[in-house]
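Dear colleague,

Please find below the structure that I am handing over to you. My findings follow it.

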Amino acid sequence: PGLLRNYSQAQTVKRMGERGENFAALVNTITSDLDSKSRYLDWLRMLTPAEVEDVGVLSGALGEPLVFMRERGHNYPAPVLSDGTLRFAAITAAFFQPDMPHIITLEEIENGIHPTRLRLLVELLKSQSGSMRQVVATTHSPVVLAWLKEEDYTSTFFCMRNHDTGDSDIRPLSEVPRFLELVKMKQPIG
């Protein structure tokens, strides 16, 4: 979130930096196209708990862009927005990049996200992954896992350290011993 609160060095970019650098420049790119802006705003309105009326960029002293969101007629610049709102806005913006990467990686998707919106974020990630891009997201939240459907079990992986060898053991949920049996018994996935 710290990087997302900053002014961008460029006016527009086709791809955000790996840690959110040039977020404001990407939002400037997205909002310059009315169709992209409308679709981006639709996702923001679903994903943020506040009433987002608009999103765009303000200009700094040297014309550098800074993200703002309008709620109830007031513009709120990025430095005063919550970490969760900024994370949502940046994750959503990542799917509107003109130069879309083939892999999008998100660490601990539940961090800073309002619990009532987390499920929508999971649905966004699932809907945006496909043949042209791969979305890799990590979580420690059993709640996130509970929202998975059976068809997700082959593409959702359980990672655990092997205490005997020190290696990481990574396997699809569908291959975790007794997992499917326990789920069918209505046991919580977590």
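The largest pocket holds about 1,100 Å³ of space. A pocket here is an open set of points on a 1 Å grid over the protein atoms alone, where a 1.4 Å probe fits, with protein on both sides within 12 Å along at least five of seven lines. Of its 31 lining residues, A137, T139, S155, T156 and F157 are the closest to the centre; lining residues have an atom within 4 Å of a point. At least two lining residues come from each of α4 (115-128), β5 (134-137), α5 (142-146), β6 (157-161) and β7 (168-172), and β5 contributes the most, with 4. Helices (H or I, at least four residues) and strands (E, at least two) are DSSP runs, numbered from the N terminus.

This is a predicted model, in which local features need pLDDT of at least 70 and side-chain atom pairs pLDDT 80 or more, while totals for chains, interfaces and linings use all residues. Residues are numbered from 1 along each chain as its sequence is written, and side-chain values use heavy atoms, without hydrogens and water.

The chain has 6 helices and 7 strands, in the order α-α-β-β-β-α-β-α-β-α-β-β-α.

E64 lies in the loop between β1 (54-59) and β2 (65-71). The side chain of E64 reaches the backbone nitrogen of L62 at 2.9 Å.

With kind regards

Conventions:
A polar contact is a pair of N or O atoms within 3.5 Å; within protein, one must be able to donate a hydrogen and the other to accept it, and residues adjacent in sequence count only if both atoms are side-chain atoms. Grid points are joined across faces, edges and corners, and a volume is the space filled by probe spheres set on the points.
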